Amino acid sequence: MNQPVRTVSSMRNSRAIYRSTKAYDHSEGLSCCFRQWRATHSHCRLIHGYALAFRFVFATFELDQHNWCFDFGGLKPVKGWLKEMFDHTMIVAEDDPELPRFQALAEADLVDLRVLPAVGCEATAKYVFDYVATFLRAETGDRVWLESVEVCEHGGNSAIYAIG
């Protein structure tokens, strides 16, 4: 396949993008339980837990007055939301046939229930992406956008949701 060669002059016509990353690792204490009820072929259909880690990639064409893509100190509300959602909580899909049982456990104060549209590492990455992308738009007036979110269950498993 013949592909056009990118010359220095053609690259100068491209718009530069600044990127920065923020990670919350497994030591943050974001330990939660999941039930992937659709995984009928797997033990993932059972309640199981992880200490989740998150990695965000932010991007912008223009740095702020401090020459930053985004002030990491401005992410305190995101960190608080992550703790609210994933710190000692039980995550169940809104279409889980056992949802009424989990809701009863929550009413009995036996679990801190979070009902998400879907359960799974990939679905969690999208859910977190949607929340943080909305936060960034509001905080920066669309100057900064979220390129991707990576959710890590442990050192061997992760899923990434990214814009195309």
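## Loops, aromatic rings and a pocket in a predicted model

Histidine 88 is found in the loop between helix 2 and strand 5 (89-93), where helices (H or I, at least four residues) and strands (E, at least two) are DSSP runs numbered from the N terminus. This is a predicted model, in which local features need pLDDT of at least 70 and side-chain atom pairs count only at pLDDT 80 or more, while totals for chains, interfaces and linings use all residues. Residues are numbered from 1 along each chain as its sequence is written, and side-chain values use heavy atoms, with hydrogens and water left out.

The phi of histidine 88 is near 60°, a positive value in a residue other than glycine. Histidine 88 counts as exposed because its relative accessibility is 61%; here buried means under 20% relative accessible area, exposed over 50% and partly exposed in between, with a 1.4 Å probe and protein chains only. Asparagine 67, placed in the loop between strand 4 and helix 2, likewise has a positive phi, of about 65°, although it is not a glycine. With a relative accessible area of 58%, asparagine 67 is exposed.

The structure holds eleven aromatic pairs, for which rings of Phe, Tyr and Trp (its six-membered ring) pair if their centres lie within 6.5 Å, with planes under 30 degrees apart counted as stacked, over 60 as edge-to-face and the rest as tilted.

| Aromatic pair | Centre to centre | Angle between planes | Class |
|---|---|---|---|
| Phenylalanine 54 and phenylalanine 56 | 6.4 Å | 10° | stacked |
| Phenylalanine 54 and phenylalanine 86 | 5.4 Å | 40° | tilted |

The pair of phenylalanine 54 in strand 4 (residues 53-60) and phenylalanine 86 in helix 2 (residues 76-86) links distant parts of the chain, 32 residues apart. Phenylalanine 54 is buried, with a relative accessible area of 1%, and phenylalanine 86 counts as buried at 0% relative accessibility. Ring pairs link Phe54, Phe56 and Phe86 into a cluster that also includes Tyr24, Phe58, Phe70, Trp81, Tyr127 and Tyr131. Elsewhere, arginine 15 lies over the face of phenylalanine 61, at 3.9 Å from the ring centre, the criterion being that NZ of Lys or CZ of Arg is within 6 Å of the ring centre and within 35 degrees of the ring normal.

Serine 148 lies in strand 7 and counts as buried at 14% relative accessibility. Leaving aside residues up to four places away in sequence, serine 148 touches Arg55, Phe56, Val57, Phe129, Ile160, Tyr161 and Ala162, contact meaning heavy atoms within 4.5 Å. Phenylalanine 102, in helix 3 (residues 99-107), is buried, with a relative accessible area of 6%. With the neighbours up to four places away again not counted, phenylalanine 102 touches Arg35, Ile47, Met90, Val92, Asp96, Val111 and Leu113.

The largest pocket is lined by 14 residues, of which Gln36, His48, Gly120, Cys121 and Glu153 lie nearest its centre. On a 1 Å grid over the protein atoms alone, a pocket is an open set of points where a 1.4 Å probe fits, with protein on both sides within 12 Å along at least five of seven lines, and lining residues have an atom within 4 Å of a point. Strand 3 (48-51), helix 4 (121-140) and strand 7 (144-154) are the elements that give two or more residues to the lining of the largest pocket.
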